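Visitor: Could you walk me through this model, starting with how you decide that two residues touch?

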Amino acid sequence: MTLSGFAIKNALRNRRRSLLTVASVSFSLLLLTLMITIWHAFYIDQGAPETVRRLITRHRVSLTFFLPSYYAEKIRAIPGVTAVVPMTWFGGRYKDDRPENFFAQFATDPDEYLKVASDKEVPADQAEAWRRDQAGAMVDIELAKKYGWKIGDRVTLQGTIFPINPELTIRAIYVMDPPNRSFYFHDKYLEEAAPFMKGRAGFFFTHVASAGDVARVSKAVDDLFHNSPQPTKTESEKAFQLGFIAMMGNVKAFILSICGAVVFAILLVSANTMAMSIRERTREVAMLKTLGFTRRSVFSLFVGEAVVLSVLAGLLGILAATGLVGLLAHSPGGIGVVTHMTVTLSTMLLALIIAAAVGFVSASLPAYHASRLNIVEGLRYIG
Amino acid sequence: MAIPISYNIRNLKLRKGLTLMTALGIALTVTTAVFILALLAGLNRAFVSTGDPLNVLVLRKGSQAELSGGFDASLFPTLKTLAGVAKDSHGEPMASAEWVVAIVLPRRDGTGEVNVIVRGMMKDGLELRPGVKLVAGRWFTPGQREVVVSESIHKRFAHANVGDTMQFGKGPWTVVGIFDAGGSAYESEVWGDVNQMASDFDRQGGFSSAYLRATDPATADALKHRVTDDQRLRLEGMLETEYYAKQTRSGMPIKFVGFLVAIIMAIGSSFAAMNTMYAAVAYRGREIATLRVIGFSRPAILTSFVLESLLLSLLGAVIGIVLMLPFNGMTTGTSNQVTFSEVVFSLRMTPGVVIAAIIFGMIMGLFGGMAPAWHAARQNILNALRG
């Protein structure tokens with residue numbers, strides 16, 4: 001029998017204890033995988049190739065201030081810019097105040113918008129119908145499903161920021177992966193209903209020719225309006241979203257401290273199990289040494305057992321995490337960053353490596369003691 | 001007859017290493033739970049303690065926050081003269097029309113920029129908020145480009161010391177004082193003169209909100225309806241306390257993530273506790289059989305082992321709470337979902353939080369201890385004595 005075969009046999013000897021250890025460690029690794037996934041989605045993942053090439057320009061002071069519409073033409077003149085579209089966050093409510101009935105609504109210019117948002121698939125005839133109807137709206141297919149909307153249905157929004165209640169007709173339904181559950185209507189409609197919005201927009205969405213242009217164009221835009229009464233702040237779509245995450249608090253520290261607690265917890269559980277099982281087998285260890293097993297092979301026997309258990313737990317935890325992330329991403333309440341999350345291969349590998357490392361470290365001390373055991377004392381040991 | 005608890009304590013002491021490691025595992029989970037509960041308690045306090053029950057907040061109809069919307073300045077004199085408004089120290093109606101805006105400020109530690117609320121108020125604004133105390137410098141002078149900042153803004157953001165200048169609107173503003181808002185939502189604001197602010201942001205002729213002080217709680221309620229029902233005004237009145245209580249939902253993301261994390265960790269810890277208790281039962285097979293022979297009943301054995309598991313988790317919970325103590329009072333911020341700006345609050349380990357954490361730990365102990373205790377009680381006496 002090989003050494004690894006022996007380690008696996010030993011791991012399965014006290015089934016209940018192994019099972020409980022694996023269960024305990026796998027829950028911790030599930031959490032660890034979740035945290036790494038969130039970290040990845042927030043800080044490493046650059047988003048779809050489309051979002052990389054999109055910039056958001058807003059008022060330097062705050063999102064709550066409007067910018068003059070003519071900025072769009074000035075931005076368009078910057079080399080590398082392929083399309084610019086004004087957007088205004090409407091922030092109205094639909095039906096009632098409940099958070100589950102909240103969805104994002106924007107007033108925009110349909111012609112330009114459809115050019116910038118090339119990741120949205122809209123049937124050509126529907127896009128045309130939306131362009132032509134100034135009281136028309138374009139909605140996400142998931143949102144349409146949620147409320148049972150069909151082309152031609154009338155929807156009334158109640159303004160909270162603007163003192164108007166737009167009555168709109170659904171003209172187009174788009175498909176996007178992942179869905180963003182948003183609602184778009186004509187900025188002309190907003191301007192006519194709320195005249196103070198004439199010549200104003202909330203922010204600009206800019207599409208650049210290549211990802212390499214992002215930094216240069218952002219700077220060019222902000223320099224252009226630097227000394228004007230309405231200075232701007234331009235950043236990539238991803239950085240813009242990160243701004244909202246940063247506002248939720250010190251997310252990085254939060255994730256890191258949870259990861260730290262989890263790793264330490266696994267270490268404790270695993271070390272506990274190994275200490276128990278090695279103690280039980282004191283006499284057996286002495287016997288192995290009598291038969292000629294070296295210190296080294298006794299050490300690797302126990303460490304191997306711990307690694308087998310923790311890797312098994314790691315696999316289970318990763319499997320559960322993948323399921324949970326999928327569930328979260330497809331839940332009806334899922335918005336923004338959550339829908340973009342997937343457990344990547346590198347995340348899985350990292351979690352497995354951490355699992356194996358923890359197994360190794362946790363077993364090292366008891367295994368070392370076992371390998372140094374005095375044979376005579378070990379044989380006398382009665383537990 | 002029950003087995004004395006000292007038996008369990010001695011047993012836990014006997015295997016110190018095992019006991020301590022399991023308790024530490026539970027402690028880590030409890031620490032996480034305490035952290036989240038303390039965050040929520042602090043956030044709750046920030047919103048619940050804001051607002052005076054006598055203050056009526058007036059917003060444009062349909063608008064849900066001071067930041068969104070606004071109304072014409074010409075409506076304010078009508079509001080001021082409504083019946084039920086109390087008199088200030090000068091004998092005038094106690095009311096303040098205010099202008100609220102979110103601006104971006106750089107964090108002191110250089111970790112980025114955050115939206116902060118700037119509030120322009122009339123001179124009665126200070127009198128309307130008796131809970132707010134000046135701790136350094138002086139209040140702003142009406143008509144001057146001066147602001148006072150809250151203590152936590154002073155601590156967390158750059159350029160927020162007395163004598164510093166802040167850049168927003170059309171130019172520099174001098175920080176002349178620091179106020180303590182007692183952990184309320186005002187803890188995250190910068191205050192100045194309403195007219196100065198409105199002209200800086202080109203919003204003359206309008207206000208975001210108005211505050212009216214009612215003479216007594218019953219009048220406050222009547223005043224609120226009087227504002228809402230007046231067809232000329234097209235405004236909505238609400239108690240200031242109601243307005244802030246609604247904003248506690250800003251804690252929802254923390255709550256969701258926090259509970260998810262705590263529950264997953266708790267399940268993991270329960271399994272670990274179960275493992276330890278099974279080992280304890282296995283080691284003591286003969287001992288348990290002896291207890292049975294002496295005459296202790298099965299329920300007594302069951303209770304004894306569950307108790308031991310509870311003791312173990314109690315130890316864990318206490319360690320967990322002690323580990324979190326140094327963080328009590330630490331301030332942090334999250335985004336307010338109503339105003340899209342930062343709300344600053346501190347971790348508060350209230351008695352409620354501590355009790356909840358202990359119960360949480362004990363539940364883990366109960367789950368972990370049940371099956372092994374059952375196993376111990378069901379053991380066959382003869383086999384166990386022989387083993």
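Guide: Two residues are in contact if their C-beta atoms, placed from the backbone, lie within 7 Å. This is a predicted model, in which local features need pLDDT of at least 70 and side-chain atom pairs count only at pLDDT 80 or more, while totals for chains, interfaces and linings use all residues. Residues are numbered from 1 along each chain as its sequence is written, and chains are lettered from A in the order in which they are written.

Visitor: OK, so what does L212(B) touch?

Guide: Leaving out residues up to four places away in sequence, L212(B) touches V56(B), V58(B), L79(B), V85(B), A95(B) and L223(B). L212(B) also belongs to the largest nonpolar core, which has 177 residues, and there L212(B), L31(A) and V34(B) touch the most other members. Such a core is a set of buried Ala, Val, Leu, Ile, Met, Phe, Trp, Tyr and Cys residues joined through C-beta atoms within 7 Å, where buried means 20 or more other C-beta atoms within 10 Å (12 or fewer is exposed, and in between is partly exposed).

Visitor: Which element gives the most to this core?

Guide: That is α2(B), with 20 residues; helices (H or I, at least four residues) and strands (E, at least two) are DSSP runs, numbered from the N terminus. A second, separate core of 44 residues includes V116(A), L168(A), I173(A) and A201(A).

Visitor: New topic: how many residues of chain B are in contact with chain A?

Guide: There are 44 of them, and they are in contact with 37 residues of chain A. On the chain B side, at least two residues each come from α2 (16–48), β3 (95–106), β4 (113–121), α9 (252–283) and β13 (331–335), and α9(B) gives the most, with 13 residues.

Visitor: What does α9(B) meet over in chain A?

Guide: One partner is helix α11 (residues 251–280) of chain A, whose axis comes within 11 Å of that of α9(B) and crosses it at roughly 15°, so α11(A) and α9(B) are roughly parallel to each other. I258(A), A265(A), V269(A), N272(A), T273(A) and M276(A) of α11(A) make that contact with V261(B), M265(B), G268(B), A272(B), N275(B), T276(B) and A279(B) of α9(B). Axes are lines fitted to C-alpha atoms over the stretch in contact, and angles run from 0 to 180 degrees between N-to-C directions; under 35 degrees counts as roughly parallel, over 145 as roughly antiparallel, 65 to 115 as roughly perpendicular and the rest as oblique.

Visitor: And how do α2(A) and α11(A) cross?

Guide: The axes of α2(A), residues 15–44, and α11(A) come within 10 Å and cross at roughly 160°, which makes α2(A) roughly antiparallel to α11(A). Among the residues that meet there are L31(A), L32(A), M35(A) and W39(A) in α2(A), and V262(A), V263(A), I266(A) and V269(A) in α11(A).

Visitor: What about α2(B) and α11(B)?

Guide: In chain B, the axes of α2(B) and α11(B), residues 298–324, come within 7 Å and cross at roughly 50°, so these two helices are oblique to each other. Their contact includes V30(B), V34(B) and F35(B) from α2(B), with L312(B), L315(B) and I319(B) from α11(B).

Visitor: Last one: is E66(B) buried or exposed?

Guide: E66(B) counts as buried because it has 21 C-beta neighbours inside 10 Å, and its place is in the loop between β1 (55–60) and β2 (71–72) of chain B. Not counting residues up to four places away in sequence, E66(B) touches L59(B), V100(B), S208(B) and S209(B). E66(B) and F207(B) are 141 residues apart in sequence, and their C-alpha atoms are 9.4 Å apart in space.
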